[in-house]
Amino acid sequence: IDADTTLLPDSMNYPLLWAGLLAALLGVSPVSLPDAVVGAMAGYLSLWSVYWLFKLLTGKEGMGYGDFKLLAALGAWVGWQYLPLIILLSSVVGLVFTLLAALFGGEKRTQIPFGPYLAAAGWIALLWGDTIISSYLGMFRIS
């Protein structure tokens with residue numbers, strides 16, 4: 001939806017957020033309830049902070065509130081520990097796709113939806129987050 005309309009509706013974000021918190025509460029999630037709650041708060045506040053910093057510096061809005069809510073929902077599902085991975089992956093993939101679209105004459109857009117990249121990065125973190133983080137940290141081990 002975000003790719004077509006540049007909107008992430010609350011009717012999708014809130015159920016995803018509450019389902020993640022409920023899954024943690026019921027113990028059917030690999031994430032503990034405290035990690036899910038902190039993940040939701042940190043997810044929302046991290047992009048909210050970027051939004052306001054950008055707005056204070058430029059006077060313009062750089063992203064929508066739906067992005068904050070989607071990252072909060074992802075934080076509830078994967079925990080706060082994976083939020084840096086999600087933000088890094090979504091930013092890199094978003095940048096690559098935007099540059100490729102610009103290079104190959106894609107549609108010129110003034111707004112680039114971030115939601116699809118957040119969602120893809122959240123899915124990757126859910127499935128392979130441990131492997132990605134372990135591999136990354138393994139590069140810094142001294143034998």
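1. Thr58 has a relative accessible area of 38%, so Thr58 is partly exposed. Thr58 sits in helix α3.

2. A word on what you are looking at. This is a predicted model, in which local features need pLDDT of at least 70, side-chain atom pairs count only at pLDDT 80 or more, and totals for chains, interfaces and linings use all residues. Residues are numbered from 1 along each chain as its sequence is written, and side-chain values use heavy atoms, with hydrogens and water left out.

3. Now the overall build. How many helices and strands are there in the chain? There are six helices and zero strands, so, from the N terminus on, the order reads α-α-α-α-α-α (helices are DSSP runs of H or I with at least four residues, strands are runs of E with at least two, and both are numbered from the N terminus because that is the convention used here).

4. Next, the overall dimensions. The C-alpha trace spans about 45 × 45 × 30 Å along its principal axes. A compact globule with 143 residues would have a radius of gyration near 15 Å, and the chain has 16 Å, which agrees. That radius is taken over C-alpha atoms, and the globule rule is 2.2 Å times the number of residues to the power 0.38.

5. Surface and interior come next. Of the 143 residues, 31% count as buried. The chain exposes about 9,200 Å², and carbon and sulfur atoms supply 72% of it; such areas come from the Shrake-Rupley method with a 1.4 Å probe, and for residues only the protein chains shown count as cover. Contacts (heavy atoms within 4.5 Å) also tell a story: among those between residues at least 6 apart in sequence, 70% join residues at least 24 apart.

6. Let us turn to the largest pocket. Rolling a probe the size of a water molecule over the atoms shows where empty space is left. On a 1 Å grid over the protein atoms alone, a pocket is an open set of points with protein on both sides within 12 Å along at least five of seven lines, whereas a cavity is a set where a 1.4 Å probe fits but cannot get out; lining residues have an atom within 4 Å of a point. About 750 Å³ of space lies in the largest pocket, a volume being the space filled by probe spheres set on points that are joined across faces, edges and corners.

7. Which residues lie nearest the centre of the largest pocket? They are Gly62, Met63, Gly64, Asp67 and Ile112, out of 27 lining residues. The elements giving two or more residues to this lining are α3 (33-58), α4 (65-78) and α5 (83-103). Helix α5 provides the largest share, six residues. By class, the lining has 14 nonpolar, 10 polar and three charged residues (Ala, Val, Leu, Ile, Met, Phe, Trp, Tyr, Cys and Pro count as nonpolar, Asp, Glu, Lys and Arg as charged, and the others, Gly among them, as polar).

8. Asp35 lies in α3 and is partly exposed at 24% relative accessibility. Leaving out residues up to four places away in sequence, Asp35 touches Gly75, Gly79, Trp80 and Gln81. From Trp52 to Gly62 the C-alpha distance is 8.7 Å.

9. Finally, Thr6. Most residues other than glycine have a negative phi. Thr6 is not a glycine, yet has a positive phi of about 55 degrees. Thr6 is in the loop between α1 (2-5) and α2 (10-26).

Key:
Buried means under 20% relative accessible area, exposed over 50%, partly exposed in between (1.4 Å probe, protein chains only).
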